[in-house]
Amino acid sequence: MASTAPLHPVARQALTAALDEGWADPARLYRSGRQARMLLDAARETVAAVLGARPDEISFTASGTQAVQLGLLGALAGNRRRGGHLVHSAVEHSSVLHVAERHEAGGGEVSVAPVDRAGRVDAAAFGALLRTDTALAALQSANHEVGTVQPVAEVAELCAGAGVPLLVDAAQSAGRVDVPAGWSLLTASAHKWGGPPGVGVLAVRKGVRYASPLPADEREGGRVPGYVNVPAIVAAAASLRAVRAEAERENARLHALVERIRGRVPQLVPEVEVVGDPVRRLPHIVTFSCLYVDGEVLLTELDRAGFAVSSGSSCTSSTLTPSHVLAAMGVLTEGNVRVSLPYGTAEADVERFLAVLPDLVAGVRAPLGLDLPAPAGATESLLVIDALGKRCPLPVIELAKRIGEVPVGGTVAVLSDDEAARLDVPAWCGMRGQEYAGEAPAADYGGDRGSAYLVLRRS
């Protein structure tokens, strides 16, 4: 899910080791304190190198939300002589919106830059909102609900020309893609990239005016008071370095899987719209909205099927208000499903999601009595071949005979309890120009034993 990611194996190993080696107070001079300080300094250097900052520009917070709040409030306070005007986009994280509301309630002014239907800010329109009394601008690197990447570099150039510091919320992109250039303040959240929860990052460039909104404390450069969690920070840094090392290969793989979801969902489900920028987007997030669907009910059904997805629809919000992101984009705010693929997501999991989604949506819509046209080829997009109890090559023979029953792009699930099928089905795909999409439990496709070998028809 986009809200968090599973703990990266490297983070788990680093956390376990640091619990033994970095338990002491890094501000103390005794041996264990000095050792904890060395671990903390090394972690700070690692994070700084990945984010393109100096180590002394990095402070660790208790969360990404706290990093955003401290960054905004501190920069506004530090630039109060310039003025009390704040600019942000309409699709920022709620942590930005809440600070903006507080700022406005205290007498400050706030301007909100609109977005297009893809959720992207127009850089020129954002720049036009900057004034001589603008104390701070804020723009996320990429949207947390639809994955759209924002034109940060272009906006940063306009802000620099106007002498306005720019805070970039990089929670969704840090670790996955390169950090955009031109930021004055940067925030990130470790659990988004597979680090442990409870670690946020606030980076403040040298020369940026910043005044802590909290009482003075000597820790973390005076920006974040309180005792630091050295083991968690060490684990966060280790996992950040690991995911960046894996990013090029893994991003390409996840991008292809997301592209598959973006293309197939409208073919499989009637009255559905995939939202967010189709090109300038994060590699792991895809969001679509289904007409005539109660989002909470659909998410519950998907959860029962084994898929942990989220929604921006009003019926799943704790405040029962529509998603401000989807509303700003002008797209449907109900029946919204956000799919986020963590590192290591298997093709078979994506195929199973696509296989079960049409029936689940249809089931949620069924009580409404709607007569919806089925997308072209939707009824034949999945074919299950029950070859349980048959020895190879019979499962492969059945596959060869029946793959023509699904359209190009469709999926065939071959159910088999013969171990040879694990080798023969992928080999057949390689010989015949079809795509082997992996293995899943046969139970996911109605079998009582064995495995389901998934084949995508490519020709």
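Predicted model: local features only at pLDDT ≥ 70, side-chain atom pairs only at ≥ 80, totals over all residues.
Residues are numbered from 1 along each chain as its sequence is written. Local features need pLDDT of at least 70 and side-chain atom pairs count only at pLDDT 80 or more, while totals for chains, interfaces and linings use all residues; side-chain values use heavy atoms, without hydrogens and water.

Helices (DSSP runs of H or I, at least four residues) and strands (E, at least two) are numbered from the N terminus. Three strands form an open sheet in the order 8-9-10, with antiparallel pairing; two strands pair if DSSP finds at least two bridges between them. Strand 8 (272-275) and strand 10 (336-340) are the edges, each pairing on one side only. Four bridges join strand 8 to strand 9 (residues 285-290) in the antiparallel sense, and V274 stands opposite F288 in strand 9.

Turning to the helices, the axes of helix 2 (residues 31-51) and helix 7 (residues 230-268) come within 9 Å and cross at roughly 30°. Axes here are lines fitted to C-alpha atoms over the stretch in contact, with angles from 0 to 180 degrees between N-to-C directions. Contact, meaning heavy atoms within 4.5 Å, involves residues including L39, L40 and A43 of helix 2 and I233, V234 and R241 of helix 7.

A second pair, helix 11 (residues 394-402) and helix 12 (residues 421-432), has axes that come within 9 Å and cross at roughly 35°. V396, L399 and A400 of helix 11 meet D424, V425 and W428 of helix 12.
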